[in-house]
Each structure stands twice: as structure tokens, then as C-alpha cells.
Amino acid sequence: LVGRPEALPKFLLAVDWCNPDHANTAIALMARWKAPEPIQALQLLDATFGHPRVRQYAVRCLEPLPDEDLAEFLLQLTQVLKYEPFHDSPLAHFLLRRALRNVRLIGMRLFWHLRSEMHLPQFSTRFGLLLRAYLTHCGAHRQELTQQHDVQQLLQNVADAVQTAADTGR
């Protein structure tokens, strides 16, 4: 089966990851497995596959993905960050690296995807750390994002005021 990338997820689902011998054998076989296409590898980042080595393998398979294609899956990959076992994960590094490499296409989207999840207490620390890391290293792009955030906040304040006025009958 190692020559059939589409069989990898099914194989990994059959592994008893609590048994160290099974886990080590699966990791060794995964290293010999024909790598799936980046789109196929996305399923290995699902919550079903929690082992860090499986997730690391999936991220390596995403490396050749062009920025234009990555931008199409960025929302899903941002959501997948919720399933990472640690804040400092290969997926987080991958997304930050690609965002810093292409601030217009990837960086701006990643910033807003992370920002939109900050209201969730169980993920605000992780997403806050990623936002801080991105903003620390994105250079002049930080000013543009700050301006966008300020405009968004202003619009939110206006919407809140309109809602309050409608509720009070003014």
C-alpha cells in the first residue's frame, strides 16, 4: 500500500496510537509512503489524526502548494490550528512562514482569520500568540493591518450605536 497515497489516511486510522510499537511502525511506514498531493494531505490535519508526527508529515506535504492555492484553503487551515496539540506546531510555523513570505495574499488573510477567532476563549491564547508573532515580523505591513483594524473597529462602533438607537426607539 505504500505506493498508494490515497490509502494512507485509512491505514493511519487503523493504527493503535496508544501502543508504542504500533505507533513506531506506523511512523516508519509513513516515511516510506508515497507522499499525497497537498490537497490530499489536508485530511491528515483533521482532528481524527492527533499524533504530532502525522500532523508534521501532512504539513511537509503542503510545502509545495502555491500561494494562490494556499490562499484558497487558508480559512480551513486556520480552523485546523484548533486541533494542534501544542501552540508551537509545524502547522503554525508553516502558516507564519508563508504569511511572512507573501504578506499581501497570505499574511493579510491569516491576520483576519486569526483575528476573527479571538472571541473564543479556548483559542484566544493560541491565536493571540500567532497574531503577535506575525505582527512582530511583518514589517511595514503591520501599519496597514493596524489601519484596517481601526477602520473595522470604527464601523463596529457605528453599527453598535445604530443598534442601540433602534432598540431605544430613537
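**Entry 1: arginine 104**

I began with arginine 104, which lies in helix 7. The model is a predicted one. Is arginine 104 buried or exposed? I read a relative accessible area of 52%, so arginine 104 is exposed, the cut-off being over 50%. I then looked up its contacts, leaving out residues up to four places away in sequence. Arginine 104 touches His141 and Glu144. Histidine 141 is 37 residues away along the chain, yet I find the two C-alpha atoms separated by 8.4 Å.

**Entry 2: helix 7 against helix 8**

I moved on to the pair formed by helix 7, residues 103–115, and helix 8, residues 121–137. Their axes come within 9 Å and cross at roughly 150°. That angle is over 145 degrees, so I note helix 7 as roughly antiparallel to helix 8. The crossing is left-handed. Which residues make the contact? From helix 7 I list Val103, Gly107, Met108, Phe111, Leu114 and Arg115. From helix 8 I list Phe127, Leu130, Leu131, Tyr134 and Leu135. Sorted by class, this contact has nine nonpolar residues, one polar and one charged.

**Entry 3: helix 8 on its own**

I checked the length of helix 8 next. Its 17 residues, at 1.5 Å a residue, should span 24 Å. I get 25 Å between the end C-alpha atoms, so the two values agree. I then asked which residues of helix 8 are buried. They are Phe123, Arg126, Phe127, Leu130, Leu131, Tyr134 and Leu135. What covers them? The cover includes helix 5 (67–80), helix 6 (90–101), helix 7 and helix 9 (141–168). Just past the end of helix 8 I noted glycine 139, with a positive phi of about 65°.

**Entry 4: helix 6 against helix 8**

Helix 6 also meets helix 8, and I looked up the geometry. The axes come within 10 Å and cross at roughly 30°. An angle under 35 degrees counts as roughly parallel, so helix 6 and helix 8 are roughly parallel to each other. This crossing is right-handed. On the helix 6 side I find Ala92, Leu96, Ala99 and Leu100. They meet Leu130, Ala133, Tyr134 and His137 in helix 8. The split by class is seven nonpolar, one polar and no charged.

**Entry 5: alanine 92**

Not counting residues up to four places away in sequence, alanine 92 touches Leu81, His87 and Leu130. I also took its distance to leucine 77, which is 15 residues away along the chain. The C-alpha atoms are separated by 9.4 Å.

**Entry 6: leucine 81**

Where does leucine 81 lie? I find leucine 81 in the loop between helix 5 and helix 6. With 1% relative accessibility, leucine 81 counts as buried. Setting aside neighbours within four places in sequence, I list its contacts as Leu91, Ala92, Leu95, Leu114, Arg126, Phe127 and Leu130. Alanine 47 is 34 residues from leucine 81 in sequence, and I read 9.7 Å between their C-alpha atoms.

**Entry 7: helix 5 against helix 6**

The axes of helix 5 and helix 6 come within 11 Å and cross at roughly 140°. That makes helix 5 oblique to helix 6. The crossing is left-handed. I list Asp67, Leu70, Leu74, Leu77 and Val80 from helix 5. Facing them in helix 6 are Leu91, Phe94, Leu95, Arg98 and Arg101. By class I note seven nonpolar, no polar and three charged.

**Entry 8: helix 9**

Which residues of helix 9 are buried? I find His141, Leu145 and His149. The buried residues of helix 9 pack against helix 7 and helix 8. His141 brings me back to arginine 104, which touches it. Just after helix 9, glycine 169 has a positive phi of about 80°.

Note on methods: Residues numbered from 1 in each chain as written. Predicted model: local features only at pLDDT ≥ 70, side-chain atom pairs only at ≥ 80, totals over all residues. Heavy atoms only, no water. Axes fitted to C-alpha atoms, helices over the stretch in contact; angles between N-to-C directions. Helix = DSSP H or I, 4+ residues; strand = E, 2+ residues; numbered from the N terminus. Parallel < 35°, antiparallel > 145°, perpendicular 65-115°, else oblique. Left-handed = near helix turned anticlockwise from the far one by under 90°. Contact = heavy atoms within 4.5 Å. Nonpolar A, V, L, I, M, F, W, Y, C, P; charged D, E, K, R; others polar. Expected span 1.5 Å × (residues − 1). Buried < 20%, exposed > 50% of the residue type's maximum accessible area, 1.4 Å probe, protein only.
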